Amino acid sequence: MGGNANTRPRNSMPVMSAQALVGCRIVLRYRLAAATSGPSHSDLVGELTELTDDSATVLTRRGPVTVARSSVAIMRPIAASRREILDLERICRRGWRSLEQVELDGWLLFADRGWTGRANSVLPLRTPAKPLEAMLDAARSFYAERGLPLQIQLPLPARGLLDAELASRCWQVERSSVVLTADLGALAGRDLDGSYRIEQSDRPGPDWLASYHYRGQPLPAHAAQLLGRHDRVRFITISADGEPVAIARGAVDEGWLGASSVEVAPGHRRRGLASALMGLLAVWATGQGAQHCYLQVDQVNQAALALYAGLGFREHHRYHYRVEPTAG
């Protein structure tokens, strides 16, 4: 296999080892048994579900296929499909549940008193039958009634055409993010020494809320309601000397763990606490039936991207918001 099993996904994510491809959607080219005629190689496309020293198993549309590791010529990740991107974004919204959700001809409109873009924006899952202007008018009215701006989340490249249309109307880009995914079985959290105390709950307590600074801002009074509005949610707090030093939130939907709100106090960074948090969430989520994990990272946060790459995460897709320009 050698270097052929490694690849560099687009943009800033680092080179992935062959083992890190487990759980990825890949193309695998392998040598066929010697024959007097016919092709010498064949390809498999699907999720790499298992990789050992002896074999590789790919879950294709026709079912799992296992080939000898020695016959593998090339193995590389391929971009998530449009359907996969939009389906994961739908699941992401289930993990961060707004107070209100309205479906409008394939667009989902979310609102929750203005806190967080994900809870107060449009997710265009399907191309509507109605003209774009009519869709924008209806969405604009929905948010105006709630005193909120109209903003649309654009998963890319799945919604590239809509993104280009809004750009032509001078809608501004805000909050560009990377969606990372990992197989839960590959997430091995770091063990903590006895000086740390771990607390887990299905509701965010005062210490947890005091430790969370969403985009550097204090939380509004109703934030705890949004954070806890889920039937399978976990809040983890790591404390040292009686003070909270690291927190995280996890929610499970449709076999996916959505990890969010991971924050480590400045004086306690680079001590493995983020890794420990992810490991604790993975153990809990596995018990809830999850197999995979997703999280979102600001595109400019290179430190976080490097951290999660080291934990086995890889880029699934990207997104940003388009915000309607104000009049005047």
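Strand 2 (residues 41–51) and strand 3 run antiparallel, joined by four bridges; here strands are DSSP runs of E with at least two residues, helices are runs of H or I with at least four residues, and both are numbered from the N terminus. Two strands count as paired if DSSP finds at least two bridges between them. Before going further, please note that this is a predicted model, in which local features need pLDDT of at least 70, side-chain atom pairs count only at pLDDT 80 or more, and totals for chains, interfaces and linings use all residues. Residues are numbered from 1 along each chain as its sequence is written, and side-chain values use heavy atoms, with hydrogens and water left out.

**Strand 3 and its partners**

Strand 3 also pairs with strand 4 (residues 63–68), again in the antiparallel sense. The two pairings are set out here.

| Pair | Bridges | Residues between the strands | Example of bridge partners |
|---|---|---|---|
| Strand 2 and strand 3 | four bridges | three residues | glutamate 47 and leucine 59 |
| Strand 3 and strand 4 | six bridges | two residues | serine 55 and alanine 68 |

Each pair forms a hairpin. Strand 3 (residues 55–60) is mostly covered, with five of its six residues buried. Buried means under 20% relative accessible area, exposed means over 50%, and partly exposed lies in between (1.4 Å probe, protein chains only).

**Helix 6 and its surroundings**

Let's turn to helix 6 (residues 273–287), whose 15 residues reach 22 Å from first C-alpha to last, close to the 21 Å expected at 1.5 Å a residue. That expected span is 1.5 Å times one less than the number of residues. Just after helix 6, glycine 289 takes a positive phi of about 90°.

Helix 6 is mostly covered too: eleven of its 15 residues are buried, among them Leu273, Met278, Leu281 and Trp284. The elements covering these buried residues include strand 12 (233–240), strand 13 (243–253), strand 14 (256–264) and helix 7 (302–310), where contact means heavy atoms within 4.5 Å.

**The nonpolar cores**

A nonpolar core is a set of buried Ala, Val, Leu, Ile, Met, Phe, Trp, Tyr and Cys residues joined through side-chain atoms within 4.5 Å. The largest core has 34 residues, of which Leu257, Met278, Tyr308 and Phe313 touch the most other members. Elements giving two or more residues to this core include strand 10 (172–183), strand 14, strand 15 and helix 7. Helix 6 gives the most, with nine residues. A second, separate core of 18 residues includes Leu104, Leu136, Tyr143 and Leu150.
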